[in-house]
Amino acid sequence: MPEADSSKAPKNYHVDTPQKSEAFFLKGSNELDWGLKNRLANIFEPSSGRTVMLAFDHGYFQGPTTGLERIDIDIVPLAAYADTLMLTRGILRSSIPPTFNRGVVLRASGGPSILKELSNEQIALSMEEAIRLNAAAVAVQVFVGGEYESQSIHNLTRLVDEGNRYVIATLAVTAVGRELVRDAKYIRLATRICAELGATYVKTYYVDDFDTVAAACPVPIVIAGGKKQPELDALRMAHNAVQQGACGVDMGRNIFQSENPIAMIQAVRKVVHENATPEEGFDHFQSLCAKG
Ligand code: R5P
């Protein structure tokens, strides 16, 4: 027990200063519980309101993807530059040092491999396991228009219910099947459905008229990187996305398949967090490459 407060100094209650009550920095997130906001602040950088998530969960349906053959060699050196890692629990436990202390987003849906119908996913992670692994969020694929659309949406809503109970965020990932057109009309539909059904934030693809996608989605959106492009093009996509309302990127192949992944993730950070132009980001990439 501490000793009694016997100080004779006058107390100062600052009675003339109203207590601060600041809005949380992420859109649509002000009414969330403190614990959930705290986890989101470990995914998104509060000073910029944005995130650079490093996505390397591809193996959950396609095995050792190019650039991910050895997580310990290919990915661990990049972790220091990421605001958040998006990965499976198997890779987290086996390959990521527990000293990593930024956000962890765990893949929580799965089932079919690339050899089968991909939309036929089930929930593949319990909330208890997510808590045990100190996850900030769980990620679930949502196949709007896909063969197993309803099932994937129920996966989302079940994780949202469980996540809200234990204040773990739910990231809805809009998946685009081979047969679906990837345009603003479709992406607005898919992202809005995810937000309406309770996703804490949504991951989707950058498309023309992305500003309308971001405006119509009441919770934060991050963009997937998609297929590997030349570095300047990938930086241009990231720049356009954040300037048009995205709260960051969840980028995989455009970082880990780059000729210099450590330089590329730092260039992406410059574009996302510092509002650098794509050209400034690319100059940064080139100067880091030149330094070796
Ligand atoms: C795909 O299903 C995974 O969720 C990936 O994490 C996602 O596609 C992002 O990776 P990339 O930037 O390589 O598209």
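User: Which strands does helix H6 (residues 149–166) lie across, and at about what angle does H6 run to S6?

Analyst: In this predicted model, where local features need pLDDT of at least 70, side-chain atom pairs count only at pLDDT 80 or more, and totals for chains, interfaces and linings use all residues, helix H6 lies across strand S6 (137–142) and strand S7 (169–174), running at about 165° to S6. Residues are numbered from 1 along each chain as its sequence is written. Helices (H or I, at least four residues) and strands (E, at least two) are DSSP runs, numbered from the N terminus, and angles run from 0 to 180 degrees between N-to-C directions, with axes being lines fitted to C-alpha atoms, for helices over the stretch in contact.

User: Why are H11 and H12 called roughly antiparallel?

Analyst: Helix H11 (residues 261–274) and helix H12 (residues 278–291) pack at an angle of about 150°, with their axes 8 Å apart. Angles under 35 degrees count as roughly parallel, over 145 as roughly antiparallel, 65 to 115 as roughly perpendicular and the rest as oblique, and H11 and H12 are therefore roughly antiparallel to each other.

User: What makes up the contact of H11 with H12, by class?

Analyst: Two residues are in contact if their C-beta atoms, placed from the backbone, lie within 7 Å; among those that meet are Ala-263, Met-264 and Val-271 in H11 and Phe-282, Phe-285 and Leu-288 in H12. By class, this contact of H11 with H12 has nine nonpolar, three polar and two charged residues, where Ala, Val, Leu, Ile, Met, Phe, Trp, Tyr, Cys and Pro count as nonpolar, Asp, Glu, Lys and Arg as charged, and the others, Gly among them, as polar.

User: Why are H9 and H12 called oblique?

Analyst: The axes of helix H9 (residues 231–243) and H12 come within 9 Å and cross at roughly 135°, and by the ranges for angles H9 and H12 are therefore oblique to each other. Their contact is made by Glu-231, Leu-232, Leu-235, Arg-236 and His-239 of H9 and Pro-278, Gly-281, Phe-282 and Phe-285 of H12.

User: How do you know that S9 and S10 pair?

Analyst: Two strands pair if DSSP finds at least two bridges between them, and two bridges join strand S9 (residues 221–224) to S10, the two running parallel. Ala-224 stands opposite Asp-250 in S10.

User: Which residues come nearest to the ligand?

Analyst: Of the 13 residues around the ligand, Ala-55, Ala-224, Gly-225, Gly-252 and Arg-253 come nearest, a residue being near a molecule or strand if its C-beta atom, placed from the backbone, lies within 6 Å of it.
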